[in-house]
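Let's take a walk through this one together. Have the backbone torsions and the helix axes handy as you go.

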Amino acid sequence: MAQSEASCPAGKTLVVYDFDWSMVDDNTDTWVTCLGGDEAEGLQDRFGRAGFHHSCWTDLMDEILGIIHKLNVSREELEAHLGKISIHKDMQAALRLIASRPDIDCFVLSDSNTVFIDAVLRHYGLRDVVKRIVSNPAEYDSDGRLRVRHTHSHSCRRCPENLCKGEFLDGFLASHEYARVVYVGDGSNDACPAIRLSATDTVLARKGFALPGRLESSASFKAKMVLWKDGTDILHWFTDNL
């Protein structure tokens, strides 16, 4: 981790978290796929192969959730399984630290879905920490089957068709004033919002994942990058720099 920043801009800070492999230590989509048995896992394994009937991961997950429903997995069972996903104890402490600060807003910007994220946060008693969840909208239909759809349409060629985190963050910051942004992420789809940030902002990029390399190779990246391994690193950085 980097040394403490010598000075921070006066004013409010926005902390933006990716969810899978950033706030939680796993992927929520693959975490629930086991509930759909061999059929669901087989579909997930074939994603990306030539001729596969889904080009968008979100559409695949909607089909997998249908398989899980056909196996009579209840809403309660699905959300209890989500509650078993790990959030590092120091990541939980880091989130509670920023929740105690009226000069910090926090939201999740994720390619998971709103129901998965809400269920995990509620299990850990962290739902009130997050001001907003921006993700693929999900809801249970009248039969109790969970449906998930695309977050929005966009024109970005770097991002999957269901969500451009960069376009969303640009639009949000255009109508909300913050002195700086701290972005916590890990994957390649976090590069698009990260390269849009300014020199006063910080990206906490997880070691061993795609994001650090994407930012190191981008001539457009202006923010500071700090590498982190686990929730302990995040807690220490938040304590020293927020």
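This is a predicted model: local features need pLDDT of at least 70, side-chain atom pairs count only at pLDDT 80 or more; totals for chains, interfaces and linings use all residues.

As for where W21 sits, look in the loop that links β1 (13-17) to α1 (28-33). Its backbone is worth a glance too: phi of W21 is near 65°, a positive value in a residue that isn't glycine.

Is N72 buried or exposed? Its relative accessibility is 67%, so N72 counts as exposed, the cut-off for that being over 50%.

On to the helices. Two packed helices are described by the angle between their axes and the distance between those axes. For α2 (residues 37-46) and α3 (residues 57-70), the angle is about 170° and the axes are 9 Å apart. That angle makes α2 roughly antiparallel to α3, because anything over 145 degrees falls in that class.

Which residues make the contact? From α2 come E39, A40, L43 and Q44, while α3 brings W57, L60, M61, E63, I64 and I67. Sorted by type, the residues of this α2 and α3 contact come out as 7 nonpolar, 1 polar and 2 charged.

Terms used. Residues are numbered from 1 along each chain as its sequence is written. Side-chain values use heavy atoms; hydrogens and water are left out. Axes are lines fitted to C-alpha atoms, for helices over the stretch in contact, and angles run from 0 to 180 degrees between N-to-C directions. Helices (H or I, at least four residues) and strands (E, at least two) are DSSP runs, numbered from the N terminus. Angles under 35 degrees count as roughly parallel, over 145 as roughly antiparallel, 65 to 115 as roughly perpendicular and the rest as oblique. Contact means heavy atoms within 4.5 Å. Ala, Val, Leu, Ile, Met, Phe, Trp, Tyr, Cys and Pro count as nonpolar, Asp, Glu, Lys and Arg as charged, and the others, Gly among them, as polar. Buried means under 20% relative accessible area, exposed over 50%, partly exposed in between (1.4 Å probe, protein chains only).
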